[in-house]
Amino acid sequence: MGDLLNGFADALTPGNLLWAFVGVTIGTAVGVLPGIGPALTVALLLPVTFRLEPAAALIMFAGIYYGGMYGGSTTSILLNTPGESASVATALEGNKMARAGRGAAALATAALGSFVAGTIGTIALSAAAPFVADIAVNFGPPEYVALMAVAFVTVSALLGPSLLKGGASLVIGATIGLVGIDTQTGQARLAFGLPSLFDGIDVVIVVVALFALGETFAHLVAGTGDSRVEPLRGAPMLSREDFRRSWPAWLRGTALGFPIGSLPAGGADVPTFLSYSLEKRLSKHRSQFGHGAIEGVAGPEAANNAAAAGVLVPLLTIGLPTSATAAVILTAFQSYGLQPGPQLFSESGELVWALIASLYIGNVLLLVLNLPLVRAWARLLTIPAYGIYAGVLVFACLGAFAAGGTIADLIVLTVLGLLGLLMRSAGVPVAPAVVGLILAPLAEQQLRRSLALSEGDWSTLVSSPLTVVLWIVVLLALLSPLLRRLIQTRKATSLKH
Amino acid sequence: MAWRPAGPGPYVAAALATIALVATTVFGGDDNAGFLNGRQLRLMAPAAPGGGWDQTSREMQAALRTEAGRTEVYNVAGAGGTIGLSQFVRHEGDPTQLMVMGLVMIGAIESNDSPVGLDRTKPLARLTTDYEVIVVPADSPVKSMTDLAGRMKSNLGAVSWAGGSAGGIEQILAGLVAEAVGADPAGVNYVAHSGGGEALSTLLSGRATAGVSGVSELEGQIKAGTIRAIAVSSPQRLPALPDVPTLKEQQVDVELANWRGVVAPPGIDADDERQLEDLLVRMTRTPAWQETLQRRGWIDATLTGPQFEQYIADERRTVTDVLKKMGLT
């Protein structure tokens, strides 16, 4: 605790506060732009910060990191244009809310949820990092396979009203995920001999294409470019009812986000999908899902930010970067002569605690910065669609080009955008495609590694207590709709008697 | 509550962002030594962050600061660097683009049957040599290389190796060890990962029998006691790990060096090539680089010009031969 207070003392100097503020501002700005994420921003700023004090630079990066996580939700909600895969789940309900004139409420619950989750996540990070890391290293390939199975069976909530169309979308995404050189054998798959496809297709490009470009093309085809939506209808920013429905979702999202984010191969996107599904299952307002249910924004947004804190656990304790941004922060550490790993806390404790303290401060600053902006953002919707989507198109292309740096990326972007349009016209939801894209390659890699390690013995998949627990969760998730129906029919019959 | 103007919030934010951007431009742009018309060097690490090529790039970035100003490092991960290579050769004729590479890439080109080879790049300099270390989880019953060799002889498939990408130096080492202990190199149970960090997390979970990675990548973990080193692939014991015996000391006649170097894109003119080679040699003499070698436990192996090109050709022959024996090509 004393260490943390010293950290605060280091981080709370006026100069460092300024850098924290610059960080969250830049972070929010780049989070809002599709395709330009916090990783790229930190990487671009890295050479500049060689001139800064290490503490100031790390504090700014922490601000960019959390700010980017937060900013990503804004475009998801307002424009149905997630800038990164972890904001996809937020777009599902958030954009529906925005179109129903409840954009401000959606943005507010996202901002507050991010704050709550970020703060709890940071507390968990400072209190339990070494402990969580001990559990996280027990996650080997079989455990990941079981975790992926949990994710697959629970994402049914994301599939939308038609199981067939949702499933088709999932398969489309999984197929896109297969493109590129297979890491186990080094063989190219679905690359059609095109070297530009050997490295696979960047998730960011797929997300931006399917969502942003698909949406833009759809407006173009339908000739609805002049359309605009009522940005605010009646109700205040966040009503008492909204708050009552949001806070349990924030906590549940945090509970999913932090531990999964802490896993060496967890990441921030899987928990957002899980959170969305969980909220849909638990909600008393299930019928609102798909039409703008506030829980569906609050949960995934909290999960996203809690995972952002969780990602720092393996980074600081084992030196494993598990997201692109974490990898860049790792580099920043190393350029100051710090070696993240088991000895980081004992060798460079002061700086680490200053970083953790600045995460708390960054969170507060983000809330201060963003809550007043919520209504201004919501006003953005009064711009006619053609204005908004022209901007989206520019930033989508810029983002895709920044991620890959070649014309081929732009061609892939356009082709996938047309695919998005096709899916939209056929009434096929695009979110499951992103789920398939992320989960399928992970599940495949880990399954093949498990079987290689066990020499083809399938029982390896249930060889540890952790895997057994996870598979039981899978069974429960599969059986619970059946059980519920059984109980309901029993009740119905017993009432008749 | 009705709509009211948002107040100064967005303007303040915009102003601050502008200040930050201006500040970054002003503070960042003045230290370029006039090299290559003041353009910034971009250095590709063709692997995931955390691995040996990534570390080499980042250390070069630091050491090049006094020689060439800011250098941008970016990662293109996967398939032993051939994915990065296939992207890199597109920068034809651009002397501001450099790529870190090494033995691993030669192996990957062969085993992946990559359509793009190193002959499409302009080799500049070999910089360092690193050696491989074979590790087991801290609580493993395997205590020495002799133990591991015994297990490989009795049941080769039951000994699983976690390491870097398919056809990379770790898989080559596993094959060489198998051959040296009298087992079939083609039967080695090798589980590929996209980088040392990922392989480490599989090893830490206790599922793999052994892990192979660069000494510099695992040194921190070995010293922290989370994993135990049983052998190094160097001719003599390494200063970084003085207690760890070599493979040869343990009657496994294998020696393997993981050298790393830098290449430029194809089609750069001879003058640029010479300037870049000079720059790299100057870099290896900086105190920052010398300190890096010390800290990382890398061995200085500077070699430039035609000698380096010849060296690459020789290594290519050796590696192809080894991979054929293992049935990887």
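The crossing of α4(A) and α6(A) is right-handed, meaning that the near helix is turned clockwise from the far one by less than a right angle. This is a predicted model, where local features need pLDDT of at least 70 and side-chain atom pairs count only at pLDDT 80 or more, while totals for chains, interfaces and linings use all residues. Residues are numbered from 1 along each chain as its sequence is written, and chains are lettered from A and ligands numbered from 1 in the order in which they are written. Helices (H or I, at least four residues) are DSSP runs, numbered from the N terminus.

**Helix pair in chain A**

- Helix α4 (residues 54-79) and helix α6 (residues 103-136) of chain A have axes that come within 10 Å and cross at roughly 160°; axes here are lines fitted to C-alpha atoms over the stretch in contact, with angles from 0 to 180 degrees between N-to-C directions.
- α4(A) and α6(A) are therefore roughly antiparallel to each other, the term for angles over 145 degrees.
- On the α4(A) side, the residues meeting α6(A) include Tyr66(A), Met69(A), Tyr70(A) and Ile77(A); their partners in α6(A) include Gly103(A), Ala106(A), Leu107(A) and Gly118(A). Contact means C-beta atoms, placed from the backbone, within 7 Å.
- Sorted by class, this α4(A)–α6(A) contact has 9 nonpolar, 5 polar and no charged residues (Ala, Val, Leu, Ile, Met, Phe, Trp, Tyr, Cys and Pro count as nonpolar, Asp, Glu, Lys and Arg as charged, and the others, Gly among them, as polar).

**Helix pair in chain B**

- The axes of α5 (residues 103-111) and α12 (residues 305-325) of chain B come within 9 Å, crossing at roughly 50°.
- That makes α5(B) oblique to α12(B), oblique being what is left after under 35 degrees (roughly parallel), over 145 (roughly antiparallel) and 65 to 115 (roughly perpendicular).
- The α5(B)/α12(B) crossing is right-handed.
- Leu103(B), Ile106(B), Gly107(B), Glu110(B) and Ser111(B) of α5(B) meet Glu315(B), Arg316(B), Val319(B), Thr320(B) and Leu323(B) of α12(B).
- By class, that contact has 4 nonpolar, 3 polar and 3 charged residues.

**Domains of chain B**

- Chain B splits into domain 1 (28-130 + 258-325) and domain 2 (131-250), with bounds from an automatic or database domain assignment.
- The C-alpha centres of domain 1 and domain 2 of chain B sit 26 Å apart.
- Domain 1 of chain B puts 26 residues into the contact, and domain 2 of chain B puts in 24.
- On the domain 1 side, the elements giving two or more residues are α2 (52-63), α5 and α12 of chain B.
- α5(B) gives the most to that side, with 6 residues.
- The domain 1 side divides into 11 nonpolar, 11 polar and 4 charged residues.

Technical notes:
Contact = placed C-beta atoms within 7 Å.
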